[in-house]
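Please look over the chain below before reading my comments, which go from the overall fold to single residues.

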Amino acid sequence: WEDDTWPQGGRLTKALAAEGIAALVLDTQFHGERDARVGYLPVEEYVCGECLHTRREMIVETVLDYRRALDYLATREELDGKRIGAIGFSMGGIMALALSAVDPRVEAAVTCVTPARPGERWTGQAAYSPYTFAPRVFVPALMLMGRTDALYTRAEAESLLASLGSADTPLEWF
């Protein structure tokens, strides 16, 4: 979450703070400071097509961690527990959809460059397909997508958008 990383997470959290919005930033399991369990290998070396259990574990356990974090935030008197949103970049977009689908405390979601290919990449891998969670997202959800991203076509992004359960789902292209 340094300022100059590709998702520019440091800039995002600082901008939110400047607007009076608290941000709780958690690494997904096997990412960032949580990758010691796999010897700090690059994601591609342990999250692979043959490692479905690992991918499923990554999504399920991280969503549980996020929900525990929301439990903690509910204990903080200075925070408004009725105004919670989720945002994620790339695989984090899948995580934001998953959390929004299973936790009613999430009031809005923003997914950024979320892999949206419904075909061969996700077949048989429902545990981490955005299409598993999208129909259960009933809160306002903004999708921010890149015109030249290799993980989806324009039609695939629009298909993911159409699968969202919320009627309030704008799609912005960059």
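The numbered points below set out what the coordinates show.

1. Basis of the note. This is a predicted model, in which local features need pLDDT of at least 70 and side-chain atom pairs count only at pLDDT 80 or more, while totals for chains, interfaces and linings use all residues. Residues are numbered from 1 along each chain as its sequence is written, and side-chain values use heavy atoms, with hydrogens and water left out.

2. Overall make-up. The protein chain holds six helices and four strands, where helices (H or I, at least four residues) and strands (E, at least two) are DSSP runs numbered from the N terminus. Read from the N terminus, the order of the elements is α-α-α-β-α-β-α-β-α-β. Of its 174 residues, 40% count as buried, a term that means under 20% relative accessible area, with exposed being over 50% and partly exposed in between (1.4 Å probe, protein chains only).

3. The sheet. The four strands form an open sheet in the order E1-E2-E3-E4, with parallel pairing; two strands pair if DSSP finds at least two bridges between them. E1 and E4 are the edge strands, each with a single partner strand, so one side of each has no neighbour in the sheet. Neighbouring strands are turned against each other by 15 degrees on average, direction ignored; such angles run from 0 to 180 degrees between N-to-C directions, and the axes are lines fitted to C-alpha atoms, for helices over the stretch in contact.

4. Pairing at the two ends of the sheet. E1 (residues 84–89) is joined to E2 (residues 106–112) by six bridges, and Gly85 has Ala108 as its bridge partner in E2. Three bridges link E3 to E4, where Glu172 of E4 is the bridge partner of Leu144.

5. The faces of E1. In a regular strand the side chains alternate between the two faces of the sheet. In E1 the covered face consists of Ile84, Ala86 and Gly88, whereas Gly85, Ile87 and Phe89 make up the uncovered one.

6. Helices against the sheet. H4 (residues 91–102) forms a right-handed β-α-β unit with E1 and E2, right-handed meaning that, with the strands pointing away from the viewer, the path from the first strand over the helix to the second runs clockwise. H4 lies across E1 and E2, at about 155 degrees to E1, while H6 lies across E3 and E4, at about 160 degrees to E4.

7. The nonpolar core. The largest such core (a set of buried Ala, Val, Leu, Ile, Met, Phe, Trp, Tyr and Cys residues joined through side-chain atoms within 4.5 Å) has 36 residues, and among those with the most contacts inside it are Ile59, Leu99, Phe133 and Val137. H4 gives the most to this core, with eight residues.

8. Thr114. Which residues does Thr114 contact, leaving aside its neighbours within four places in sequence? They are Ser90, Gly93, Ile94, Pro130, Met145, Tyr152 and Leu160, contact meaning heavy atoms within 4.5 Å. Thr114 lies in the loop between E2 and H5 and is buried, with a relative accessible area of 0%.

9. Pro135, in the loop between H5 and E3, is partly exposed at 36% relative accessibility. Its C-alpha is 5.4 Å from that of Ser163, although Pro135 and Ser163 are 28 residues apart in sequence.
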